[in-house]
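Me: Here is a structure to go through. Please answer my questions on it one by one.

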Amino acid sequence: MKIDASKPLEYSTEENSNKIFGFWVFLGAEIALFATLFTVYLVMVNRFASGPSGPEIFEIGPVLYETFLLLSSSFTIGLAVHAMRHGYKKAMMVFIGITLLMGLAFAGIEVMEFLTYIHEGATLQTSGFLSSLFVLLGTHGAHVSFGLLWGGAILIQLWRQGINPATANKTFIFSLYWHFLDIVWIFIFSFVYLKGLM
Amino acid sequence: MDFERFKVHGEPLIYGAMISIALATIGIIIGLTYFKKWGYLWREWLTTVDHKRIGVMYILAALLMLFRGGVDAMMMRLQTAAPEMKFLDAQHYNEVFTTHGLIMILFMAMPFIIGLMNVIVPLQIGARDVAFPRLNAVSFWLFFFGAMLLNISFVIGGSPDAGWSAYFPLASLEFSPTVGNNYYSLALQISGIGTLLTGVNFIVTILKMRAPGMKLMKMPMFIWSALLTNVIIVFAFPVLTVALALMMFDRLFGSQFFTMSNGGMDMLWANLFWVWGHPEVYIVILPAFGIYSEIIATFSKKNLYGYTSMVFSMVIISLLSFLVWAHHFYTMGQGAMVNGFFSITTMAIAVPTGVKIFNWLFTLRKGRITFTTPMLYTLAFIPIFTIGGVTGVMLAMASADYQYHNTMFLVAHFHYVLIPGAVFAVIAGFHYWFPKVFGFRLNDRLGRHAFWWIAISFNVTFFPLFLLGLMGMTRRTYTYSAETGFGPLNSLSFVGAVGLCIGFVILVYNIYWSTRYMPKDTNGDPWDGRTLEWATNSPIPAYNFAIVPKVQTRDAFWTSKVDNIPLFEEKITKIHMPSNTGKPFIMGVIFFIFGFSMVFSLWIPAILAAVGIVIVMATMSFDRDHGFYISAEEVIATEKKLRGETV
Ligand code: HEM
Ligand SMILES: [Cu+2]
């Protein structure tokens with residue numbers, strides 16, 4: 001394996017830089033996926049039939065917690081990559097750990113939010129609006145949950161192998177993924193909650 | 001548990017299918033055991049990550065699916081060959097046209113093309129493999145097991161029966177209570193994920209792995225078409241993913257996306273489906289354009305006329321392909337403004353397509369043309385596809401479409417674009433690249449026989465359908481009375497379909513015959529080719545090129561032959577190779593189990609399978625296998641052997 005020392009570790013082999021580029025292309029597909037889900041949501045938003053509408057069920061409290069957690073975790077994963085560039089394995093692992101904990105808290109709050117809706121009688125089956133709401137939020141939430149498993153696997157590998165071209169590459173790609181989920185959340189926050197609460 | 005759900009009743013035809021599937025499976029198992037081929041199968045094929053072998057497996061699967069889709073087609077043509085036929089009942093006719101459409105487009109045309117891309121793209125850009133060989137294997141096995149899932153629906157539980165477009169509310173649980181459309185949503189989902197990964201893989205391969213010196217505007221036309229196709233895949237397939245997921249939620253979990261009450265919206269499905277569906281037809285057509293461009297240049301002994309305009313017309317077609325979807329349902333209630341917009345964008349596509357047709361004609365002009373089998377398919381494609389294109393413009397006019405919509409005229413139109421566009425192209429590409437992969441050519445005389453049968457019978461089969469459509473015969477009708485007067489033309493069409501069958505039989509026989517009797521081809525360049533795939537040996541060694549070529553011109557291999565520009569300058573050194581892995585195959589199997597369990601709402605196996613998928617992914621992530629090296633001596637020995645020199 002040829003290692004090019006003039007590049008950051010995560011880009012240092014041809015395979016590594018291909019993987020990063022490939023992940024950007026994959027994020028292109030993810031953008032198309034979420035764009036479709038947002039379109040579905042915006043088509044359905046006023047089709048709540050006899051069920052509750054957005055303003056009737058949304059609560060700003062938990063949503064603010066979720067936003068705070070996810071935005072901060074985007075910052076800490078950035079710090080992890082920063083630590084990685086300097087070769088601080090421990091700091092890097094701590095920042096990834098914090099990121100994952102915040103992600104876990106986010107997912108937990110989202111589950112509570114879903115349970116509250118269901119408790120209030122607003123389920124997937126109730127109306128077109130609620131179906132699209134659950135599927136949009138659920139897809140994002142499933143991405144976050146998958147990220148928790150993925151990040152966990154990377155943590156184990158870092159712990160065993162230390163920082164090397166392979167683990168650096170994985171961490172960097174994971175950070176791209178995590179930032180992407182953050183951006184999707186900002187859209188959800190604006191177009192689902194803020195728009196719904198206004 | 002209620003086993004009744006798994007059974008399909010009543011028809012001798014279905015029992016026949018069950019028995020033949022069972023017999024074929026038993027036969028394969030006995031054969032593999034008897035010849036002690038299990039280890040070979042596992043080591044050389046099921047675990048391979050070699051782009052050429054994966055390509056060959058795609059093509060084999062596609063040929064199998066062509067057979068299945070073809071049998072479906074024959075059953076339909078037989079059922080409608082005369083008034084009041086009693087061969088299939090309405091339900092079975094519905095299942096048969098649905099699976100025919102799905103299989104032909106998703107499990108025949110697209111995999112055939114992806115198979116050819118797999119074999120050829122790395123060779124034409126002078127690379128040793130695709131960017132992500134293991135991901136490539138994952139793509140293949142997801143496609144394969146998705147296809148298998150759809151295929152077993154015919155004998156377990158019942159096939160989808162709401163058309164390949166599965167419009168709601170017809171495809172909803174209320175109106176299609178069998179598991180058929182559950183199969184639809186899961187089988188397509190699984191193979192669709194595979195296709196999406198292929199898209200990512202090939203974009204990276206083409207953009208990052210080209211041989212030194214191959215600038216974008218020096219890429220062969222097939223590479224351009226493959227690049228654009230994969231870009232379309234990456235942006236179109238997520239829409240299908242979402243549409244299928246919503247369909248699954250509606251059918252399995254009672255959500256209200258496409259329902260008729262509680263705020264659901266049936267037209268949302270039609271829109272999502274065609275936002276993917278129209279780009280999908282360009283996914284199968286654009287690579288075909290690329291294949292034809294290569295073949296025309298090779299067999300006219302000229303460089304392609306208007307290279308730049310060829311590239312730009314494909315870029316424009318790709319963009320427009322996302323802006324025309326509503327032409328599939330002009331009659332379904334949108335206003336005149338919307339119809340007008342989509343009418344215009346649709347007709348606009350004819351312009352870049354016309355540019356391409358003229359470029360091909362100009363390439364042929366004054367060329368030294370040799371009429372080989374691949375060239376014959378290409379030459380037949382031009383006029384036949386033009387008929388398809390012109391009738392497409394007729395359909396594009398929204399007000400006129402009120403007359404043509406859902407008639408046999410439409411069926412004739414899309415077969416006139418899909419068969420010369422996609423099927424002729426993959427057959428031509430198959431004949432053209434066959435010697436590269438296997439080291440001998442297919443017999444040209446048999447090839448030409450098959451060609452004439454196919455080309456003539458195609459027109460006999462489908463031209464009558466234009467007339468039937470204008471006479472008012474609607475599509476998807478399983479029978480009609482004698483008074484309608486549809487009988488004679490339908491019988492003629494059936495005769496054509498039989499001719500098509502004969503053509504395909506000759507084609508397959510040719511593969512058998514040539515394998516036995518055709519002489520080995522030793523120089524790797526049987527057609528006097530122009531692009532890099534002909535610069536290496538046939539059959540292709542595992543590492544593709546002993547030395548990575550240096551490219552200076554557009555038709556790099558041609559100029560190296562004619563102007564003596566050297567391609568291979570460096571010395572042979574050791575070559576890095578990825579190692580085989582069984583995980584993609586295992587992942588495919590688990591996805592199959594997952595899909596099957598979901599189809600029948602067997603939640604516990606479904607959850608277990610989902611966990612299994614995550615575990616396989618995790619083990620792939622923990623893998624620290626960095627492949628292996630082939631030593632320089634070994635490469636030199638292989639090269640000598642392939643060139644027929646004694647070692
Ligand atoms: C081999 C010769 C073929 C014959 C004889 C044939 C014949 C037919 C017939 C009779 C129908 C149904 C018409 C109706 O009742 O509505 C049909 C539908 C269809 N065919 Fe073919 N076909 C052939 C090849 C292909 C190929 C190669 C493709 C695609 C690449 C294709 C794609 C379709 C599609 C998408 C439908 C529509 C299915 C639906 O209505 O849901 N066919 N074909
Ligand atoms: Cu279309």
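**Interface and cavity**

Reply: Across the interface of chain B and chain A, the rule (a Lys or Arg side-chain nitrogen within 4 Å of an Asp or Glu carboxyl oxygen) finds zero salt bridges. This is a predicted model: local features need pLDDT of at least 70, side-chain atom pairs count only at pLDDT 80 or more, and totals for chains, interfaces and linings use all residues. Residues are numbered from 1 along each chain as its sequence is written, chains are lettered from A and ligands numbered from 1 in the order in which they are written, and side-chain values use heavy atoms, with hydrogens and water left out.

Me: Which three residues of chain B supply 17% of the area that chain B buries against chain A?

Reply: Chain B brings 35 residues and chain A 37 residues to the contact (heavy atoms within 4.5 Å). The two chains bury about 3000 Å² between them (accessible area, 1.4 Å probe, lost on being put together and summed over both), with 73% of it on carbon and sulfur atoms. The 17% share, more than any other three residues supply, comes from Lys208(B), Phe257(B) and Phe622(B).

Me: How do the residues of the lining of the largest cavity divide into nonpolar, polar and charged?

Reply: The lining consists of Tyr58(B), Leu106(B), Met110(B), Pro111(B), Ile114(B), Phe143(B) and Thr195(B). Ala, Val, Leu, Ile, Met, Phe, Trp, Tyr, Cys and Pro count as nonpolar, Asp, Glu, Lys and Arg as charged, and the others, Gly among them, as polar. The division is therefore six nonpolar, one polar and no charged.

Technical notes
On a 1 Å grid over the protein atoms alone, a cavity is a set of points where a 1.4 Å probe fits but cannot get out, and a pocket is an open set with protein on both sides within 12 Å along at least five of seven lines; lining residues have an atom within 4 Å of a point.
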